[in-house]
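Thanks for coming, everyone. I'll take this one quickly, contact by contact. Have a look at the model first.

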Amino acid sequence: MVLLSASISISQLLAANPPISTDGNVNIINTGDNNSEPIALCYLPYLFPFTTGDGTPSNDKGQYEGLAAIFLAMEHLNTGNGELVPELNGINQRCPLRFTTKAFDTEMQQSVGVNHIITLTDRSRTQELLPSAILGAASSKVSIPTSIISGLRGFPQVSPSSTSAALDDKSQYKLFGRTIPNDDGTAIPLVEKLTSWNVRYIAVLHVDDAYGNAFAKGIRLAAQRDTPDLRVETMEITIGADDDKISDAIQQLKQTDFTFFFGIVWSKEFVDRIMTEAYNQGIAGTGRHTWLFSDAMGSSVIGRGFPIGSKLEKAYRGTGVLSAVGGIRGINVVYDKLTRSMQQLGGNEEDRSYLDSHFPRDYPDGKVVNHSIITDQEAFLKVPGLVAPFVYDSIVALGIASCGLLEISDNTDYFTGEELFQALLNTTFDGASGSIILDPDTGTRDPRSALFSLTNFIDDDDASIDQGMVQFKRIETDLFKSGEWEPLVPYTFNNGASDIPLDLPILNTNSNYLSAGLKAIGLILCGIIIALALSFGYWTYRNSGRQVVRSSQPIFLYIISAGTLLMGLSIIPLTIDLGVTDQKGADAACMAFPWLLAVGFSLTFSALFTKTRRINQIMRSTARFERVKVTAVDVIKPMVTLLMLNAAVLTIWTVIDPLQRQTVVVTQDPFLRNVETYGVCDSDHVSTFLAILCVINLGSLIFALFQAYMARKISTELQESSYIFLAMSIILLVSFIGIPVIIIARDNSAALYFVTAGLIFVVCSSLLLLIFIPKVWALTKKSSNTNTSASSRFSSATSTREGIKILSTPVAQAELGEKNRGLMVEQAELEKENRELKRLLSAGKSREGNENQISSITFLDVENRNSSDSAAENDHARGSVQFSADVKEIPSKADIEV
């Protein structure tokens, strides 16, 4: 069945060269039959690039299929066939207009297109069809100059594929319209797709012409308006640029460090050169880079064989094309019907012959173009291609608009180009490419009414090609309609996977996490502290009944062991960072460190403080000749107080403003990615809480140091006071050096960790070794019993059964011995005086009064001397001699206690 019968009849009529006149933009054909009315004919010439200018056929946009779609649309108008568009039902009965076309080859050149327009719109020509409107051109670079001329001469120009936003300017392009969205509208689906892929950086390589510049500008505007986080870099390149300029352009793309690129280029040879250079410079075919193209690229990748492993094979694999599409099979019913109609047309020899006869053949230079290179391909007319749905809708829109004008005038007056264009702007219907809605201000199709697709080029396993070759096929992976992308099948990227590649090169951030070796050092120090604390605690337990341990009171030794154990354990949270745990675990480690350190510190130094305070308390009581017993409760009170203060501060800190692991950025790359960082434990009020803890704990340290200093010359059984003083002096000295270093090294994680762990190790080890080693040594020598026996005569009467023994120093012992000898001499003199007094008393009662007076004076003198002696003994704190100050009779020797 012949599909194009009406079009064939019109062509046969015109071939007879009938008389032609014009009325407005309508051709009046006189058939020569007096019994028939003249035919009102709308001539809609088709300007598209069928060759590349050198005679090589080009079908990159499906322009050959586009001519077939034009004839189908005109056939439906001429016969009133509403199978695809219901508005065409019976239109041939309502409208006297008939439609025809002719194809012209612009050869991808502006000058050729302009020449065709000048010739077509010349109203002075006779016996030549005058266009009612003009279809084309394919590219914006040709549509821009041609539409200026056509608009000035009163001929509407409708393009199915020119997308430059510059064509919206009605002051220059008065009668230009299009059934495809402009680049600003096309940029919206691109930006939306990149956003759905979480792509934040894209470089655009565009041709330096009106089309390319406008499209690149549209992408930037769409990104700024809809996705401010999307960074767009644009680079321009001249069509037909030499290898050096292509290399420079690709070098600019490479310097962006982006991995996603969008090309607004065309021409198979030109794109091949670009992709070859991109492969050479390592930004194509790597598996990490993704190239997308505008619909200007067309289908130049399809139907070609590439050697496996070649540069172009690697570069083109996984590339894609974003384009406005007439439809996708199974999505748009009208598109499906158009596809079937074109397949039927291709299957009819008469239709195919008629179609072949209308491909451009009249070239000024007389060259011959072999269109069969395209039309003889097996895939020809099997699918509509890129242009066919839009050009079909363009013809239908012009037909409905022109017939509508005649219906308004009762078919009496024909129309001008301006009237036809205004009617076109108000024409809407559901066509092969979707709902046709034109912007009345610009003549551009509303992008919300169009369909966009993302086409993916992948291996065609069913292609019949030579061994060692590969051929790509195109599949639609995503469809954009009603403002949203709908996935159809997974997109395959250059690496052969569907996982979305990174939009920037992989960045190896230096987070300054602690190295395994440094952590090992810290944990070894921690292990040594734990081993020492547990060992000395166990040693205390095993020897708690021995005099050496009893003298030092086991409770103090246990507390010191427990405190240093907690301080040693505080090294473990220091080793925990985001390199080994998540944020929650790192935050917990941050807060665990001050808890372990502060509680352990308060336990340890409160024990030392109370221990030295106890010694000083005993010595003060001895100086007053008082018996004092210092119980465990007495010494634990300061310890509990200090511990509760620390716990209260830490609890408030944990509840109100806990420490959190925060990342501090040192340097960033141009994309604001962190090149180097380090982690710190920080909070809003960390300085306040640290200051309070320092006041509490450093205050206790200083006070403990003061107590140790006061007891430094007190001789104890194991010289504990001197060791405590020495330990705290070392700790204080190390702290004065270490704490400033910690503050300075705050920005260096490794140095901070090492200094902090080292400081904790020095503090804990010096305490444990200086407190326990002398006791272990004394117990090992088994000399404690002998020393205790030798010094028992000088022990204070205030010593308890369990506790430290206060011993006299050698100098004090010598002074005490000398004083005892003096006291013995005085005792002998007193005994002599007592005997003399007894003799006088027995001499007679007559002298009783005088004797009593003498006795009182004598005893007062004795009492005064004894008081003076007692004061001297108190100054030495090494014994006592006491006399009864209030006696009524002469004291005997037994009444005097030495």
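Ile555, Ile636, Val640 and Met644 make a nonpolar patch of about 330 Å². Keep in mind that this is a predicted model. Which helix gives the most to the patch? Helix α21, residues 632-656, with three residues. Ile555 sits in helix α18, residues 554-569. Its relative accessible area is 38%, so Ile555 is partly exposed.

Now the aromatics. Searching the whole structure gives 25 aromatic pairs. Take Phe50 and Tyr64. Their ring centres are 5.2 Å apart and the planes stand at 80 degrees, so this pair is edge-to-face. Phe50 is in the loop between β4 (46-48) and α2 (63-79), while Tyr64 is in helix α2, so the contact ties together parts 14 residues apart in sequence. Phe50 and Tyr64 are both buried.

Tyr64 also pairs with Phe359. Here the centres are 4.8 Å apart and the planes are at 45 degrees, so the pair is tilted. This one links distant parts of the chain. Tyr64 is in helix α2, and Phe359 is in the loop between α12 (349-357) and α13 (372-375), 295 residues apart. Buried or exposed, what is Tyr64? Buried, because its relative accessibility is 0%. Phe359 comes in at 2%, so it counts as buried as well. Put together, Tyr46, Phe48, Phe50, Tyr64 and Phe359 form one aromatic cluster.

One more ring contact. Lys193 lies over the face of Trp485, 5.5 Å from the ring centre.

Next, cysteines. A disulfide is a covalent bond between two cysteine sulfurs. How many disulfides does the count come to? Two.

One joins Cys95 to Cys403, with S to S at 2.2 Å. The torsion about that S-S bond is about -80 degrees, so the disulfide of Cys95 and Cys403 is left-handed. Cys95 is in the loop between α3 (91-94) and β5 (97-100), and Cys403 is in helix α14, residues 388-408, so the bond ties together parts 308 residues apart in sequence. Cys95 and Cys403 are both buried.

Then there is Cys590 to Cys681, S to S 1.9 Å. The torsion about the S-S bond of Cys590 and Cys681 is about -70 degrees, so this disulfide is left-handed. Cys590 belongs to helix α20, residues 583-623, and Cys681 to strand β22, residues 674-682, so parts 91 residues apart in sequence are tied together. Cys590 is buried, at a relative accessible area of 3%. Cys681 is partly exposed, at 26%. Counting bonded cysteines along the chain, the pattern is 1-2, 3-4.

What about Cys42? Cys42 is buried, with a relative accessible area of 2%. Cys764 is buried, with a relative accessible area of 0%.

Last topic: charges. Side chains of opposite charge can pair when their charged atoms come close. The search of the whole structure finds 17 salt bridges.

Glu313 bridges to Arg317, with the closest N and O atoms 1.8 Å apart. Glu313 is at 4% relative accessibility, so it counts as buried. Arg317 is partly exposed, at 22%. Asp459 joins in: Glu313, Arg317 and Asp459 are linked in a network of salt bridges.

Lys519 and Asp577 meet in a salt bridge at 3.9 Å, N to O. Lys519 lies in helix α16, residues 516-542, and Asp577 in the loop between α19 (571-574) and α20, so parts 58 residues apart in sequence are tied together. Both Lys519 and Asp577 are buried.

Finally, Glu836 and Arg839. Their closest N and O atoms are 2.2 Å apart in a salt bridge. Both sit in helix α26, residues 810-842, three residues apart, about one turn of the helix. Glu836 counts as partly exposed at 36% relative accessibility. Arg839 counts as partly exposed at 47%.

That's my list. Over to you.

Terms used: Residues are numbered from 1 along each chain as its sequence is written. This is a predicted model: local features need pLDDT of at least 70, side-chain atom pairs count only at pLDDT 80 or more; totals for chains, interfaces and linings use all residues. Side-chain values use heavy atoms; hydrogens and water are left out. Patches are made of residues with over 30% relative accessible area and no salt bridge: like charges are joined within 9 Å, nonpolar side chains (Val, Leu, Ile, Met, Phe, Trp, Tyr) within 5 Å. Accessible areas come from the Shrake-Rupley method with a 1.4 Å probe; for residues, only the protein chains shown count as cover. A salt bridge is a side-chain nitrogen of Lys or Arg within 4 Å of a carboxyl oxygen of Asp or Glu. Helices (H or I, at least four residues) and strands (E, at least two) are DSSP runs, numbered from the N terminus. Buried means under 20% relative accessible area, exposed over 50%, partly exposed in between (1.4 Å probe, protein chains only). Rings of Phe, Tyr and Trp (its six-membered ring) pair if their centres lie within 6.5 Å; planes under 30 degrees apart count as stacked, over 60 as edge-to-face and the rest as tilted. A charge sits over a ring if NZ of Lys or CZ of Arg is within 6 Å of the ring centre and within 35 degrees of the ring normal. A disulfide is a pair of cysteine sulfur atoms within 2.5 Å.
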